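Subject: Structure handover

Hello,

Here is the structure for you to open alongside this note. My findings follow below it.

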Amino acid sequence: KSSRIYDLGTSIQLRFERHGIVEDLERAISLNQAAVDLTPDGHPGKPVILGGLGKSIQSRFEWFEDIGDLERAILIKQAAANLMPNGHPDKPGWLNNLGNSVRLRFERLRDVKDLERAISIYQAAVDLTPDRHPDKPSWLNSLGSSVQSRFERLKDFKDLERSISFQQAAVDLTSDDHPDKPDWLNNLGISLHLRFQNFGDIRDLEKAISLSQAAIDLTPDGHPDKPARLNNLGRSIQSHFERHGDVEDLERAISLAQAAVDLTPEGHPAKPARLYGLGNVFLCRFRSKRHLNDLHSAINSYSTSAISGSGPSITRFQAADKWAGLASLYLCDQDPLIAFEYALNLLPQVAWLGMSLTSQHAQLTGASDLVRLAVAVAIELQHFDIAIQWAEYGRSIVWQNLLSLRNPLDDLQKAHPELAMRLQSISQHLEGSLSHHGYSEEEEPASLQDVANKASTLASERDKIIKQVRETPGFEYFLKAKTFDKLRPAAYEGPVAIINIDKLRSDALILIPNGSQDSNVKIVHIPLESFSHDMSVNLLRDFSRLLSSAGVRARDTRKSERELCVRDRENSFKSILYSLWVHVVKPILDGLAYQPGGHSRFWWCATGPLAFLPIHAAGNYDSDLVGDKTSDYVVSSYTPTLTAILDQSQPDMTEDFQILTVAQPSTPHAPPLPETEGEIRQIKEIANGIRIQGLINDEATTTRVLQAMKESNWIHLACHGMQDHKESMKSGFWLHDKILELSELIREPLPKTDFAFLSACQTAKGDEKVAEESVHLAAGMLFSGCRGVIATMWSIQDEDGPKVTKAVYERMLKDGKPNRKEAARALHEAVKELRESGADFLSWVPFIHMGR
């Protein structure tokens with residue numbers, strides 16, 4: 001009976017594959033599951049029946065993109081493979097099929113562990129297959145392609161050599177009349193081209209060209225893989241031109257790239273990448289011959305790629321980047337702002353919500369330069385409101401995914417769960433799944449037009465869903481930048497200076513309030529004519545070396561290293577702060593006609609390398625004159641974005657107002673911080689009559705601290721802090737049991753929290769690799785709900801924490817009434833007192849205020 005049920009399920013599965021009727025697929029799954037349930041494990045047909053169920057469930061995944069279906073398919077296929085003994089002639093095929101499913105999960109989630117597992121499974125299939133077996137080349141090709149993917153991910157050159165070895169074996173074992181021979185030749189050619197690009201051996205390039213040409217010669221016209229193979233050959237021949245300068249190579253490369261584009265139908269997800277490649281070849285010829293027609297052709301190719309509705313967003317973003325760069329550099333008849341707008345609108349998709357935060361940052365590492373150039377070009381064209389809008393949108397796109405997109409998605413999930421799920425599914429599908437085929441060897445590859453039609457349908461459906469979401473109250477800015485009108489209120493309490501540093505130009509755009517929250521805000525543009533991008537890079541390099549040599553990586557009790565640094569490097573510190581004063585801060589204050597002694601509030605929002613430099617401390621410290629330092633004019637605060645300071649409300653004082661204090665005087669596996677205990681004691685004394693929840697030493701576990709944070713209005717953390725240089729989201733506070741990571745902090749909002757004092761170290765030290773992302777602990781607290789944060793740019797001395805804490809809380813808790821809005825001025829006075837007591841730069845400069 002189970003066999004008959006299985007046969008019926010298989011027939012219905014085939015009908016689904018032919019006609020795409022979802023009810024057939026659901027019925028096939030139901031029948032295959034019934035067949036599995038009726039078949040005992042010892043039955044010789046059980047693996048085949050399990051395999052049928054796994055195939056049906058994977059088909060449902062490929063249709064709806066529910067990752068749970070792929071997980072289930074992998075488990076079922078693994079069970080089928082486990083039930084089949086190693087000597088069984090079908091075992092390698094089952095293993096290869098399982099490897100395909102695991103590899104597919106890697107393509108979706110980009111978890112390298114899946115790639116490792118797929119390689120292991122493919123290797124087992126190869127090892128169990130004799131050379132004469134007709135499927136051995138297929139298993140070898142799967143193994144070689146996966147090992148090549150691991151090379152591209154981890155850059156272990158042994159993997160590149162292994163992939164070439166496996167792919168060469170697949171070619172050698174396959175006759176020319178075999179239908180898969182062109183695929184094996186093409187893949188081997190790609191790997192050899194990759195090895196040429198890394199090692200420069202011209203023999204690899206010559207062989208890659210020969211293999212790619214052979215693959216094309218064996219590929220009939222109309223075959224869905226023909227355009228891709230033409231494209232690969234064109235790239236190799238372009239590399240040959242770049243090596244030897246033979247113009248005939250360039251002409252041939254253009255011809256091949258153009259043919260690949262022409263053979264790829266509109267809407268196909270591979271079309272943007274092929275257009276991008278064609279643009280690269282035209283640009284190459286323009287740089288060689290300087291014919292304007294080639295420049296126009298390059299821009300046309302890039303722009304067509306960028307505005308495509310389907311295909312990977314990273315490809316379209318790169319095309320928009322090239323389009324914008326060329327339009328701003330060369331052509332007066334092209335509006336570069338249009339190109340930049342396309343690029344910036346693609347940013348949230350490049351950092352798509354389905355990715356891990358680490359992957360988002362990896363994708364965005366190269367986006368910072370484009371954002372700053374876009375802002376610089378908008379300023380050059382005197383579109384200051386657009387410049388501010390783009391600076392805001394581009395500066396913290398990952399954070400905006402977490403704030404502007406994560407919360408609306410949560411709300412959308414609650415209000416319209418089917419809509420949210422469909423949007424996620426369609427977007428993941430369009431991010432590349434349609435351009436990957438060949439994992440299922442039982443099926444003929446879909447035609448180019450069929451793939452294009454499906455992608456176009458999905459892209460149209462995605463646009464309709466996004467339009468529908470944006471028409472819903474509260475979702476108006478879903479997946480797009482806030483307009484300038486929505487950003488104006490950020491400056492209601494005082495000026496906000498957005499400083500953009502680019503190779504094109506350096507500028508400050510100041511939002512100036514006109515007296516009340518509802519008044520119009522004007523923009524003052526102040527060119528920073530003497531400050532260049534190179535200067536900012538050099539300043540950051542010198543500053544980083546200075547801090548590194550000072551040993552300020554952890555809050556500590558030791559003073560000797562610091563004192564030696566002060567003696568040896570005080571002039572270097574003065575020089576850096578003087579450069580910031582002369583080239584950045586003084587021109588801004590002069591442009592605003594500020595006079596010393598005013599001490600009004602002022603917010604700094606810097607970009608690029610400047611985001612890591614202490615603007616608040618800029619000044620001439622060889623002078624005793626009033627008016628030679630930033631602190632003589634303003635009370636400084638920082639903000640990572642305008643959005644972070646848009647919320648002007650202050651929670652009402654309630655009877656259950658609570659301050660959480662956390663102290664770690666003796667953290668396991670870390671140096672002792674004895675002063676933290678006294679620091680917390682001071683807060684309790686000052687906050688007489690206000691409820692305080694104190695967690696100290698072994699009481700301060702990550703679970704208890706996180707829970708207490710959600711229940712508290714103010715938070716004071718006196719402990720070790722840590723900035724992870726490899727994965728910034730792993731930065732965190734060192735508590736008794738483990739590190740409370742930034743990724744955990746931002747996972748859930750802190751609904752009651754109004755203010756945080758991070759008396760640790762490196763709590764406002766971001767990730768220089770992603771300069772437009774405020775990836776540090778202080779920003780994490782802001783985006784979790786805090787309206788104001790006191791933090792440190794580098795480590796502080798243990799004895800300085802209590803001094804600053806006392807002065808700050810005495811002002812913020814004056815007359816027993818908590819007032820978070822006094823934090824910035826309280827810190828300003830506390831740091832001034834510390835500085836005037838003779839403290840060195842390393843002691844007082846790191847303290848900063850962020851937010852309101």
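In which sense do strand β4 and β5 pair, and over how many bridges? Strand β4 (residues 600-606) and β5 pair in the parallel sense, over five bridges. Two strands count as paired if DSSP finds at least two bridges between them. Helices (H or I, at least four residues) and strands (E, at least two) are DSSP runs, numbered from the N terminus.

First, the ground rules. This is a predicted model, where local features need pLDDT of at least 70, side-chain atom pairs count only at pLDDT 80 or more, and totals for chains, interfaces and linings use all residues. Residues are numbered from 1 along each chain as its sequence is written, and side-chain values use heavy atoms, with hydrogens and water left out.

**Overall**

The protein has 852 residues, and 56% of them are buried. Buried means under 20% relative accessible area, exposed means over 50%, and partly exposed lies in between (1.4 Å probe, protein chains only). The secondary structure comes to 32 helices and 14 strands. The protein exposes about 35,500 Å². Carbon and sulfur atoms supply 49% of that area. Accessible areas come from the Shrake-Rupley method with a 1.4 Å probe; for residues, only the protein chains shown count as cover.

Take contacts between residues at least 6 apart in sequence: 71% of them join residues at least 24 apart. Contact means heavy atoms within 4.5 Å.

**Strands**

Back to β5, which spans residues 634-638. Five of its five residues are buried. V634, S636 and Y638 lie on one side, V635 and S637 on the other, and both faces are covered. V635 stands opposite R601.

There is also an open sheet of three strands, in the order β9-β10-β11, with antiparallel pairing. β9 (720-722) and β11 (739-741) stand at the edges. Each has a single partner strand, so one side of each is left without a neighbour in the sheet. On average, neighbouring strands of this sheet are turned by 25 degrees against each other, direction ignored. For such angles, axes are lines fitted to C-alpha atoms, for helices over the stretch in contact, and angles run from 0 to 180 degrees between N-to-C directions. Three bridges join β9 to β10 (residues 732-734). M722 has G732 in β10 as its bridge partner.

**Salt bridges**

The structure holds 40 salt bridges. A salt bridge is a side-chain nitrogen of Lys or Arg within 4 Å of a carboxyl oxygen of Asp or Glu.

One of them joins D183 and R229, at 3.6 Å from N to O. This pair links distant parts of the chain, 46 residues apart. D183 sits in helix α9 (residues 181-199) and R229 in helix α11 (residues 226-244). D183 is partly exposed, with a relative accessible area of 24%. R229 is buried, at 4%.

K226 and D221 form another, at 3.1 Å from N to O. Here K226 is buried, with a relative accessible area of 12%. D221 counts as exposed because its relative accessibility is 70%.

R488 and D485 meet at 3.0 Å, N to O. R488 is partly exposed at 22% relative accessibility. D485 is exposed at 52%.

**A391**

Is A391 buried or exposed? A391 counts as buried because its relative accessibility is 9%. A391 is found in helix α19 (residues 384-395). Leaving out residues up to four places away in sequence, A391 touches V375 and I498. A391 and A481 are 90 residues apart along the chain, and their C-alpha atoms are separated by 10.0 Å.

**Surface patch**

Which residues form a nonpolar patch on the surface? They are I307, I338 and Y342, with about 260 Å² of accessible area together. Patches are made of residues with over 30% relative accessible area and no salt bridge; like charges are joined within 9 Å, and nonpolar side chains (Val, Leu, Ile, Met, Phe, Trp, Tyr) within 5 Å. I338 lies in helix α16 (residues 336-350). At 41% relative accessibility, I338 counts as partly exposed.

Best wishes
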